[in-house]
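Please read the following points with the sequence and the model at hand.

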Amino acid sequence: MKPNPMPCEEKIDFQAYFDQQATLPERARVDRHLRQCAECRAEFAVWRNLFEALQRKYVQNASDRPTVAEITALFAKLAGHGGKTASPAVAEHPLPPTGSPSGMIAELVRLQRWLAAGLAACFALVVLMAFHDRRLPHAPASVPASSSDLDNPAAESASKPFYTWRLSAPPGQGLRLPGAQTGTPALPVEGSPEIGVTYRVPPLGILFVRFHGENSVMFTSQAQFTLTATGAQLLSGQVTCDLHSSGNGFSVVTPAGSVTGLGGQFLVEARPAASRITLDTGSVMIQTGKLSVTMDSPGSRFMMADGSIRLDAGDNTPRPVAAAAGLTVGR
Amino acid sequence: MGHGNGDLDQDLVLQVRGGHTDSFRPLVEKYWIRVKGLVRKMVHDDSTVEDICQETFLKAFEKLDQFDANREFAPWLLRIAVNLIGEHYRRLGRSLKLVPLDDAVVPSVAPGPGDEVMSRLLFDQCLEGLPPGYRMLFVLRHGLMLSYEEISQLLDEPLGSVKVGLFRARELLKKLIVASDCAGGGAEGGDV
């Protein structure tokens with residue numbers, strides 16, 4: 001591959017390429033050109049580095065998830081609003097003057113409404129407080145593991161479960177803790193996993209974990225994993241992540257390194273000598289002890305135990321990276 | 001922008017309007033991370049960040065009867081947050097408008113090749129030196145991963161201004177990347 005002797009006249013819209021605004025044929029044309037043009041390849045590398053730096057700077061992270069204290073403070077203020085949006089019809093009908101029989105009735109009705117509103121507010125407060133300790137089906141996040149966590153923000157952020165699970169497995173197969181003895185009853189097929197506890201998916205089982213409603217994480221291949229406040233530690237097996245905006249920053253940590261989702265779908269397989277990442281859509285940040293790279297086009301990479309990152313040769317075996325579009329070395 | 005789940009949001013909004021205040025909770029839990037992620041990148045004072053986040057949801061709750069339930073909830077909510085951030089900047093005598101960029105935002109002295117720590121510090125400093133409107137573009141594009149169209153609607157700026165604004169700001173920052181060679185393009189600068 002020879003460098004171009006003349007300045008390249010090709011006009012490449014790198015911003016459109018990296019902002020996912022370019023069409024597939026346009027991207028393919030750019031990729032083809034880059035293989036032949038060292039000058040544009042150098043410019044491409046600068047743009048890639050810039051995008052990676054910006055991505056790293058602005059990516060949403062798990063620490064922005066709401067804490068119990070924040071939710072409690074907000075709902076205390078909302079209680080002060082008295083459900084302002086709830087019954088606009090009441091304000092739309094002016095009350096008749098007091099003194100007349102109809103006015104007195106109206107006054108009574110008004111007092112009754114105030115009383116009802118007060119009682120409703122009290123009830124809402126009681127319900128809210130009660131639900132802090134009972135996991136609502138629609139509110140899996142931000143629930144403290146114990147009441148003492150409410151007074152301890154550190155403990156609260158470390159222990160709050162964001163997740164719910166559902167297991168699909170043949171009869172007789174259930175979700176178990178790795179050290180569980182034979183005969184120990186399996187865990188329920190649905191529930192909220194505990195943060196920091198290691199689970200093992202049964203041989204033919206698929207464990208669906210969801211958080212913030214829209215994000216789906218699927219453990220398979222007898223995965224052994226631990227959920228954390230910011231993602232999952234995958235000891236073995238596979239996990240497929242389908243992340244939306246609220247799931248950005250979800251990290252899968254394997255023995256060879258970590259993969260942080262930046263929106264999209266990806267698969268992580270934890271293997272003894274290496275971990276494999278297959279990106280379907282979106283982008284991920286891959287970090288090993290030596291490297292930090294952003295992968296933003298579909299394909300597979302291996303995180304090796306020695307901290308290097310390799311391409312998938314297409315036969316499930318790693319080969320050295322010779323640079324590729326969609327893989328950005330950060331450090 | 002809402003990445004699906006619009007029906008669920010719509011149901012929750014209708015429930016809140018019907019008087020079920022506690023149905024607002026899942027909306028808060030779902031969108032808090034996006035609102036806070038946006039506010040925290042634009043405002044550095046923790047208590048102001050907290051105030052703006054709370055105010056965003058309070059306003060949303062208060063104005064929920066004005067929300068068109070056939071549309072997505074996320075853009076409407078983020079618009080409230082952006083407006084509140086705009087108010088915050090206006091109080092400081094600044095604006096989120098995409099004013100012409102000054103090249104002076106890039107320091108004249110760039111770090112040497114391989115000086116990674118200095119490069120990153122300068123990069124952060126450059127970002128901070130950008131007018132707030134441009135930083136908002138980056139937060140919306142790189143943080144919330146919104147499309148140009150979504151950003152345009154959210155900021156009430158023409159689509160062309162968003163594209164050009166992003167390009168101009170990135171061009172400025174690119175100078176710094178080139179000068180410092182901070183990410184070591186050589187590592188990946190080989191064959192594609």
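1. Helices and strands are named here from DSSP runs, numbered from the N terminus: a helix is a run of H or I of at least four residues, and a strand is a run of E of at least two. By this rule Met145(B) falls in the loop between α6 and α7 (148–155) of chain B. The phi of Met145(B) is positive, about 55°, although the residue is not a glycine. Met145(B) is partly exposed, because its relative accessible area is 22%; buried means under 20%, exposed over 50%, and partly exposed in between (1.4 Å probe, protein chains only).

2. On the basis of the note: the model is predicted, so that local features need pLDDT of at least 70 and side-chain atom pairs count only at pLDDT 80 or more, while totals for chains, interfaces and linings use all residues. Residues are numbered from 1 along each chain as its sequence is written, chains are lettered from A and ligands numbered from 1 in the order in which they are written, and side-chain values use heavy atoms, with hydrogens and water left out.

3. Chain B as a whole contains eight helices and zero strands, in the order α-α-α-α-α-α-α-α along the sequence. Of its 192 residues, 52% are buried. Among the contacts in chain B with a separation of 6 or more, 67% join residues 24 or more positions apart; a contact means heavy atoms within 4.5 Å.

4. A second residue with positive phi is Ser221(A), which is not a glycine and has a phi near 55°. Ser221(A) belongs to strand β5 of chain A. Its relative accessible area is 40%, and therefore Ser221(A) is partly exposed.

5. Which residues of chain B does Glu70(A) touch? Beyond four places in sequence, Glu70(A) touches Trp32(B), Lys36(B), Glu50(B) and Gln54(B), as well as Arg65(A). Glu70(A) sits in helix α4 (residues 68–81) of chain A and counts as buried because its relative accessibility is 6%. A polar atom of the Glu70(A) side chain lies 2.9 Å from the backbone nitrogen of Thr67(A). This is a polar contact, that is, a pair of N or O atoms within 3.5 Å; within protein, one must be able to donate a hydrogen and the other to accept it, and residues adjacent in sequence count only if both atoms are side-chain atoms.

6. Helix α4 of chain A also holds Leu74(A), which is buried because its relative accessibility is 0%. Neighbours up to four places away in sequence aside, Leu74(A) touches Val28(B), Trp32(B), Gln54(B), Phe57(B) and Leu58(B).

7. Asn215(A) lies in strand β5 (residues 215–228) of chain A and is buried because its relative accessibility is 0%. Its side chain reaches two backbone atoms: the oxygen of Phe211(A) at 3.1 Å and the nitrogen of Gly247(A) at 3.4 Å. Contacts of Asn215(A) beyond four places in sequence include Val209(A), Asp242(A) and His244(A).

8. Ser275(A) is in strand β9 (residues 274–287) of chain A, and a relative accessibility of 0% is why Ser275(A) counts as buried. The side chains of Ser275(A) and Thr254(A) make a polar contact at 2.8 Å. Outside four places in sequence, the residues in contact with Ser275(A) include Ala256(A), Glu269(A), Arg301(A) and Met303(A). From Ser275(A) to Gly237(A) the C-alpha distance is 9.9 Å, across 38 residues of sequence.

9. The second largest pocket has a volume of about 820 Å³. Of its 41 lining residues, those closest to its centre are Phe18(A), Gln20(A), Gly282(A), Asp296(A) and Arg141(B). A pocket is an open set of points on a 1 Å grid over the protein atoms alone, where a 1.4 Å probe fits, with protein on both sides within 12 Å along at least five of seven lines; lining residues have an atom within 4 Å of a point. Grid points are joined across faces, edges and corners, and the volume is the space filled by probe spheres set on the points. Helix α2(A) gives the most to this lining, with five residues.

10. How many disulfides are found over all chains? The search finds zero; a disulfide is a pair of cysteine sulfur atoms within 2.5 Å. The sulfur of Cys8(A) has its closest cysteine sulfur in Cys40(A), and because the distance is 3.6 Å, the two are too far apart for a bond.
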